Amino acid sequence: MADTSNDPFPSHCASDMTMEPRLPTQVETERLLLRMWEPTDAATLGEVIQQNIEYLVPWMPWAKFEPTSTIDRMALIAEWTDDWRSGGSCVYGVFLRQDDGSLTAIGGTGLHRRIGTNGLEIGYWIDHAHWGSGLATELSAALTTVAFAQPGVDRVEIHHDKANVRSSVIPERLGFAVIGEETREVIAQAEIGITVVWRMLEADWPANEPEAQQPAP
Ligand SMILES: CC(C)(COP(=O)(O)OP(=O)(O)OC[C@H]1O[C@@H](n2cnc3c(N)ncnc32)[C@H](O)[C@@H]1OP(=O)(O)O)[C@@H](O)C(=O)NCCC(=O)NCCS
């Protein structure tokens with residue numbers, strides 16, 4: 001379930017009314033907290049990336065530039081924050097809630113404004129130690145609901161290289177439909193250069209159907 005309470009930078013803070021409304025800085029799911037990365041997370045983010053580098057390099061184009069310094073990563077997080085502040089994408093850390101209430105960073109995700117004004121694209125990566133527990137599916141479901149709560153957003157997409165079968169399971173399981181394939185240059189090691197585009201329309205998202213919003217009798 002998406003929860004945008006305790007948002008320190010609510011979307012109505014946007015001062016320039018011509019820009020897109022700000023995306024929520026945090027989202028709660030059953031097992032996870034997704035929250036915008038902060039500069040103080042830089043070292044932790046670097047550690048999780050390093051622990052997973054062999055799983056990230058095949059599919060994430062940015063991973064080939066790792067390792068990077070904590071200072072550079074802080075600067076990158078500051079860039080992400082600036083982009084978000086001006087109504088752009090929101091890049092979230094994925095934090096697993098532990099039994100004692102503490103949070104452990106186990107990946108990254110985001111809502112990206114790169115598919116036109118009425119759409120948001122979801123990206124994700126998860127610490128290998130937590131693969132196969134449905135966490136990427138859980139966070140993608142929550143972000144899809146959050147996306148459709150944004151003014152003017154009526155489509156959510158997930159893009160992946162056609163060879164990345166593991167990634168394809170997530171939109172498929174959530175009921176997204178393949179709307180096409182795009183040939184492009186290979187930008188990560190294991191790619192074949194064909195992007196599969198999955199799309200969910202607001203009208204088709206089960207969480208938006210009236211019966212999903214009725215309390216159980
Ligand atoms: C893709 C990724 C985020 C999936 O994370 P995850 O938390 O394991 O995802 P989920 O558990 O929600 O779903 C994965 C499902 O795919 C299934 N699966 C795995 N490999 C598969 C394959 N080759 N064919 C079909 N299904 C497969 C798993 O069994 C799992 O299903 P299950 O829960 O029923 O067992 C993770 O593998 C990852 O971080 N990969 C590296 C980065 C990456 O590729 N990111 C996506 C770029 S587009």
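Reading a mixed sheet and its helices

Modeller: Among contacts in the chain between residues at least 6 apart in sequence, 59% join residues at least 24 apart, where two residues are in contact if their C-beta atoms, placed from the backbone, lie within 7 Å. This is a predicted model, in which local features need pLDDT of at least 70 and side-chain atom pairs count only at pLDDT 80 or more, while totals for chains, interfaces and linings use all residues. Residues are numbered from 1 along each chain as its sequence is written.

Biologist: Which elements make up the secondary structure of the chain?

Modeller: Helices (H or I, at least four residues) and strands (E, at least two) are DSSP runs, numbered from the N terminus. Here the chain has 6 helices and 8 strands, and from the N terminus on they follow the order β-β-α-α-α-β-β-β-α-β-α-β-β-α.

Biologist: In what order do the strands form the sheet?

Modeller: Two strands pair if DSSP finds at least two bridges between them. In this structure 8 strands form an open sheet with mixed pairing, in the order β1-β2-β3-β4-β5-β6-β8-β7. Because β1 (26-28) and β7 (177-183) stand at the edges, each with a single partner strand, one side of each is left without a neighbour in the sheet. On average, neighbouring strands of this sheet are turned by 25° against each other, direction ignored; axes are lines fitted to C-alpha atoms, for helices over the stretch in contact, and angles run from 0 to 180 degrees between N-to-C directions.

Biologist: Which residue stands opposite E182?

Modeller: E182 stands opposite T195 in β8, and β7 is joined to β8 by 6 bridges, the two running antiparallel. Elsewhere in the sheet, β2 (residues 32-36) and β3 (residues 90-97) also run antiparallel, joined by 5 bridges, and M36 stands opposite Y92 in β3.

Biologist: How many of the 7 residues of β7 are buried?

Modeller: A residue is buried if 20 or more other C-beta atoms lie within 10 Å of its own, exposed if 12 or fewer, and partly exposed in between. For β7 the count of buried residues is 0, and this strand is hardly covered, whereas 30% of the 217 residues of the chain count as buried.

Biologist: Where does V146 lie, and is V146 buried or exposed?

Modeller: V146 lies in helix α4 and counts as buried because it has 23 C-beta neighbours inside 10 Å.

Biologist: Which residues of helix α5 are buried?

Modeller: In α5 (residues 165-173), S167, I170 and P171 are buried. Seen down the axis of α5, these buried residues fall within an arc of 85°, so they line one face of the helix; the arc is that of the directions from the helix axis to the C-beta atoms. They pack against α4 (135-148), β6 (155-161) and β8 (194-201).

Biologist: How are two packed helices described?

Modeller: Two packed helices are described by the angle between their axes and the distance between the axes. The axes of α1 (residues 42-51) and α3 (residues 70-85) come within 9 Å and cross at roughly 105°. That makes α1 roughly perpendicular to α3, given that angles under 35 degrees count as roughly parallel, over 145 as roughly antiparallel, 65 to 115 as roughly perpendicular and the rest as oblique.
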